[in-house]
Amino acid sequence: MSKQPFFMEMSAFAVDPKLHVDKKPRPDGSQSLRFKATPFTSESDSKDPDAIDTDLVRWLPLTNTSPVPVRFRATATSGEPNNEAVFAVVEEQRGRELQLDPGHNVAIGVELRRPPADDKKRWPMVPKYRLRGALSLTYSNQQSQSVDLEAWLLRPSVQLSATSLDFGTIHIDASKPLTLTLSNPSSVRSPWHVLHAKKPRKVKLVSTMDAAVLRNLHNTEFDDERDTVDDPTVFDWSALRGVVLARSQAPSLTVRFHPKKDVTYLSRFRLLVEHSDTPFIELTLRGCGSLDEAFDNDNNY
């Protein structure tokens with residue numbers, strides 16, 4: 001048998017590994033995984049239907065649309081120098097090489113490691129603060145694919161309708177109510193509480209001055225509240241704590257003044273919001289007590 005040469009034409013082509021991200025792209029074509037977080041551990045006790053989902057794990061669906069199996073590792077990094085570990089792949093997938101056969105899909109979990117709310121360096125005292133990072137898919141041939149990570153850290157906020165209330169002059173056997181409105185423009189429920197702020201001690205700073213000038217100076221030059229009494233018990237609050245839901249207004253807050261003596265009362269209170277972008281809102285309450293019956297009939301509310 002004679003041997004005849006056998007010819008076979010062969011060809012090969014390389015397939016660049018790339019997984020399809022099953023997520024709607026941005027207008028510029030990029031894709032991202034987004035988070036929102038508040039300082040609170042859970043929003044489950046909020047009755048606000050628009051309350052933010054504070055689940056701190058997001059899942060990115062991937063599909064292998066190529067004709068060959070794809071092996072890869074997923075890693076998450078942060079673009080913020082003060083938040084190196086703010087994003088992380090979930091523990092069960094972290095550091096593992098995963099294989100995805102043609103036509104199969106998998107979801108990669110990314111965890112947002114929320115910075116401590118009292119860490120002002122990592123979580124600045126602003127209503128909204130954005131963190132950026134990236135989820136990198138590194139393939140077995142060392143090529144890589146990246147998906148943007150974005151997290152919004154949100155702080156609560158409360159606005160008060162007034163920072164001072166003047167009740168005027170009231171008979172010591174009468175009382176008078178005034179109302180305040182609390183509103184929350186933020187996307188986070190805002191727990192608040194009221195505390196009395198003790199009157200600070202005034203320190204007279206008098207340098208060497210002409211004796212005649214000093215004789216003409218009255219105490220009002222140093223303390224215009226010298227004749228007032230700081231007694232918080234003459235101001236009754238309808239509530240000393242509460243919660244304002246996101247993007248809403250709380251029921252009116254009533255303060256009732258009932259003087260005990262014929263003196264001028266002046267007290268300062270602070271409305272504090274936990275983990276807010278502002279430490280507190282100060283409210284000044286002023287009112288005069290009187291023994292004059294003329295103030296009894298008109299002010300007995």
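Predicted model: local features only at pLDDT ≥ 70, side-chain atom pairs only at ≥ 80, totals over all residues.
Trainee: Which residues have the most contacts inside the largest nonpolar core?

Mentor: They are Phe-72, Phe-87 and Leu-135, in a core of 30 residues.

Trainee: And which elements give two or more residues to this core?

Mentor: The contributors are strands β2 (32-37), β3 (57-63), β4 (70-78), β5 (87-89), β6 (98-100), β7 (105-112), β8 (128-139) and β9 (144-154).

Trainee: What is Phe-72 in contact with, leaving aside its neighbours within four places in sequence?

Mentor: Phe-72 is in contact with Leu-19, Leu-62, Arg-96, Glu-97, Leu-98, Leu-100, Val-106, Ile-108, Leu-137, Thr-138 and Tyr-139.

Trainee: How many residues are in the other core, apart from that one?

Mentor: That other core has 25 residues, including Leu-160, Leu-180, Leu-253 and Leu-283.

Trainee: Turning to β21, why is this strand described as largely enclosed by the rest of the structure?

Mentor: Strand β21 covers residues 281-290, and seven of its ten residues are buried, so the strand is largely enclosed by the rest of the structure.

Trainee: Does β11 run parallel or antiparallel to β21?

Mentor: Strand β11 (residues 164-171) runs parallel to β21, and six bridges join them. Within β21, Cys-288 stands opposite Thr-169.

Trainee: And β20: parallel or antiparallel to β21?

Mentor: Strand β20 (residues 264-273) pairs with β21 in the antiparallel sense, over eight bridges. Tyr-265 has Gly-287 in β21 as its bridge partner.

Trainee: Now the open sheet of three strands. What is its order?

Mentor: The order is β12-β19-β16, and the pairing is antiparallel. At the edges are β12 (176-180) and β16 (235-237), each of which pairs on one side only. From one strand to the next, the twist averages 25°.

Trainee: How many bridges join β12 to β19?

Mentor: Five bridges join β12 to β19 (residues 253-257), and these strands run antiparallel. Leu-178, for instance, has Val-255 in β19 as its bridge partner.

Trainee: Changing topic, what volume does the largest pocket have?

Mentor: Its volume is about 160 Å³.

Trainee: Which residues line the largest pocket?

Mentor: The lining consists of Lys-18, Leu-19, His-20, Val-21, Gln-31, Thr-65, Gln-145, Ser-146, Val-147 and Asp-148. Leu-19 is also one of the residues in contact with Phe-72.

Trainee: Which element gives the most to that lining?

Mentor: Strand β9 gives the most, with four residues. Both β1 (20-21) and β9 supply at least two residues of the lining.

Conventions: Residues numbered from 1 in each chain as written. Heavy atoms only, no water. Core = buried A, V, L, I, M, F, W, Y, C linked by side-chain atoms within 4.5 Å. Buried < 20%, exposed > 50% of the residue type's maximum accessible area, 1.4 Å probe, protein only. Contact = heavy atoms within 4.5 Å. Pairing = 2+ DSSP bridges. Axes fitted to C-alpha atoms, helices over the stretch in contact; angles between N-to-C directions. 1 Å grid on protein atoms, 1.4 Å probe; cavity = no way out; pocket = protein on both sides within 12 Å on 5 of 7 lines; lining within 4 Å. Points joined across faces, edges and corners; volume = space filled by probe spheres on them.
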